[in-house]
Amino acid sequence: MHRLFLVHELLVIICEHLYDEDDIQNASKEALARLARTCKAFHAVALNALWSNLDGVAPLIQCLSTEVTRLYWRLPLGTAVVGIERAPRKAEWDIIQGYASRVQRLRVLNPLRPVEPSVIFTLSRPPTGTSPLFPNLRSLVWNDSRPQTMGFLQTLCGPLLTSLKFDFSSIGTARWDAAASAIWNAIPTACPAVKVITLPSSPPGPLIPNMLRTWNHLEEVTCGEIDIVIFRHLAKQTYLRKLAFTLSQSISQDLTDHPLSPRTFSRLRELEVHAPKLPSLIDFIQKLEIHPICIRGRVDAGPTPRDMRVFFAFLTEHFVGVKLQNISLQSLPGIRMLSVAQPPLLSPTGNRVNGQPSHTGIYGSNFMPLAQFGSIDTLVIDVNCSIHLTDEDLASLAAAWPHLRTLSINKMHGWVVKSDITQIGLLEILRCCPKLQTLCIAIDTDTFTEVPLDRPGGGVQNMNIRTLSFADSVIQLHATTVVAAFLSDIFPRLNEVTAWKSDRMRTRRDADPIVHATRWEGVSQEIRGMIRIRQQERRWRRNE
């Protein structure tokens, strides 16, 4: 073996390069496992990389013999569930602890590899007199809301834990009893070094947000509604760089009566606020007098087109000289436009009357003030308004945002009116924004009449986008193959095209959502076939 591989730091870099947490097929994990079995020099480093990020506790149990574990199939979906046949003995606990001691980041439950509650109960009661089960744990995602499993949370908490996230979104949230609440209230004492905390927006216990008052070195906070005492405590956090919470009327009123000092939240870079209405969000940011580079807002009602124009104008006035990178605004589902008020899907020339807008909505001219922020890399708008953009509008915005990575406009709400964006606008944004990774717009497919013999746009391609969304774009059956040929050429790595996916769009009465969604699924299938054929032809040419 070359002596370079005796350098520990070099082996760590190699193993970190091999590990891929998004590797669904587990190829990178299998490579690390083989590397660990190659020789003693690789063994410890490869195992550390393999177990450092553990998604679900199932692998800890499955590393034991079948005498200890059992696997059964949960009907009707046929999901494999890991269970415990008998309690582990001393030698088997040594195996579990040998792997658990290498874990630095843990998500307790993996929906793809579920475990019985008995597994959680067993792991929460390791043999007495041994070291902690996860002595090197730094980051924990607790996504088990069952009160009876809270004992395992107590086992996981320790002085080295710096990141703690509670995620109860995928399973029902049960109200906690006194024992579970007592374990929860002891978390700040057991984990004094926490810097990154995420609390559930609908906590199963009434006093959960109060734990925020016990930490004094917070850097990132995500939570639901908080009172003014907790908010002012967060305002004192010197190193706080991210704050996401639900805005209450009491905080807005208190800021009016007792303004914060000018240097409050001076290091805040990301602000995410859930507000009742968009004007409340604007008013809150004005009162704070802060200038984060990332603004994300969620509103319960509206906003109206006028609110959106005010919001865009506010950003350009309040963030002068700020390198704003991320702008996101979303209306939460449940507030629906009345079907009778929805305009029909107009033809491209029908969006204007005598050169003026014919429907209330958001137009290209409303977006144009944002062009002053040349640093924007993410723009996500999904609101209860119709969208009116042309090829010229899209080209102007794309030219102003060369670093754009994400552009998503009304993915869930839809554009409501027929889009004026054609192949020309789509090609232009690919030319101007080479880093683009996520794209959702509506497109006019009536302009796709035949498959051209020449390459679209002279060979313009985007190698980053794997999934493409076209909101509520309508498509005729005769255009599916033409659209697929065009998209498969400019997006060589495209895996999926989606449209009409949200429940809101599927209940629209001005179009046939099921028909158009099915046609777009057909486009997606054709694209995968065409891309495969092109790959085959290139391989043939190389072999000639």
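This is a short walk through one protein structure, from the whole chain down to single residues.

Before anything else: what you see above is a predicted model. So let's begin with the overall picture.

The protein carries 19 helices and 21 strands. It has 544 residues, and 49% of them count as buried. The exposed surface comes to about 26,700 Å². Carbon and sulfur atoms supply 53% of that area. Now the contacts. Take the pairs that sit at least 6 residues apart in sequence: 74% of those contacts join residues at least 24 apart.

Next, a helix pair. Look at α10, residues 228–235, and α11, residues 249–257. How do their axes cross? They come within 9 Å of each other, at roughly 60 degrees. The two helices are therefore oblique to each other. The cut-off matters here, because roughly perpendicular begins at 65 degrees. As for the hand, α10 passes α11 in a right-handed crossing.

Which residues meet there? From α10 we have Ile-228, Phe-231 and Arg-232. From α11 we have Ile-251, Asp-254 and Leu-255. By class, this contact of α10 with α11 has four nonpolar residues, no polar ones and two charged ones.

Start with Leu-18, in helix α1, which spans residues 8–18. Is Leu-18 buried, partly exposed or exposed? Its relative accessible area is 31%, so it is partly exposed. The limits for that class are 20% and 50%. Leaving aside neighbours within four places in sequence, Leu-18 is in contact with Ser-28, Ala-31, Leu-32 and Leu-35. Here is a distance to check on screen. Leu-18 and Lys-29 are eleven residues apart along the chain, and their C-alpha atoms are separated by 8.1 Å.

Move on to Leu-123. This residue is in helix α6, residues 117–123. Leu-123 has 0% relative accessibility, so it counts as buried. What does Leu-123 touch, beyond its neighbours within four places in sequence? The list is Val-57, Ile-61, Trp-93, Ile-96, Leu-133, Phe-152 and Thr-155. Again, one distance. From Leu-123 to Leu-156 is 33 residues along the chain, and 9.9 Å between C-alpha atoms.

Then Val-221, in strand β8, residues 220–225. Val-221 is buried too, with a relative accessible area of 0%. Set aside the neighbours within four places in sequence. Val-221 is then in contact with Ile-197, Leu-212, Leu-234, Leu-240, Lys-242, Leu-243 and Ala-244. Val-221 and Lys-165 are 56 residues apart in sequence, yet 9.8 Å apart in space, C-alpha to C-alpha.

Next is Asn-326, in strand β12, residues 326–331. Asn-326 has a relative accessible area of 14%. The cut-off for buried is under 20%, so Asn-326 is buried. Not counting residues up to four places away in sequence, Asn-326 touches Ile-293, Cys-294, Ile-295, Arg-296 and Thr-378.

Last topic: backbone geometry. Most residues other than glycine have a negative phi, and most peptide bonds are trans.

Where is the cis peptide bond? It joins Gly-302 and Pro-303, and omega is about -5 degrees. Pro-303 is found in the loop between β11, residues 294–299, and α13, residues 305–318.

Second, Asn-410. Its phi is near 50 degrees, a positive value in a residue other than glycine. Asn-410 is in the loop between β18, residues 406–409, and α16, residues 423–432. Is Asn-410 buried or exposed? Asn-410 is buried, with a relative accessible area of 0%.

Third, Ala-471. This residue is not a glycine, but has a positive phi of about 50 degrees. Ala-471 lies in the loop between β20, residues 467–469, and α17, residues 480–490. With a relative accessible area of 3%, Ala-471 is buried.

To wrap up with two things to find in the viewer: the oblique pair α10 and α11, and the cis bond between Gly-302 and Pro-303. Thanks.

Notes
Residues are numbered from 1 along each chain as its sequence is written. This is a predicted model: local features need pLDDT of at least 70, side-chain atom pairs count only at pLDDT 80 or more; totals for chains, interfaces and linings use all residues. Side-chain values use heavy atoms; hydrogens and water are left out. Helices (H or I, at least four residues) and strands (E, at least two) are DSSP runs, numbered from the N terminus. Buried means under 20% relative accessible area, exposed over 50%, partly exposed in between (1.4 Å probe, protein chains only). Contact means heavy atoms within 4.5 Å. Accessible areas come from the Shrake-Rupley method with a 1.4 Å probe; for residues, only the protein chains shown count as cover. Axes are lines fitted to C-alpha atoms, for helices over the stretch in contact, and angles run from 0 to 180 degrees between N-to-C directions. Angles under 35 degrees count as roughly parallel, over 145 as roughly antiparallel, 65 to 115 as roughly perpendicular and the rest as oblique. A crossing is left-handed if the near helix is turned anticlockwise from the far one by less than a right angle, and right-handed if clockwise. Ala, Val, Leu, Ile, Met, Phe, Trp, Tyr, Cys and Pro count as nonpolar, Asp, Glu, Lys and Arg as charged, and the others, Gly among them, as polar.
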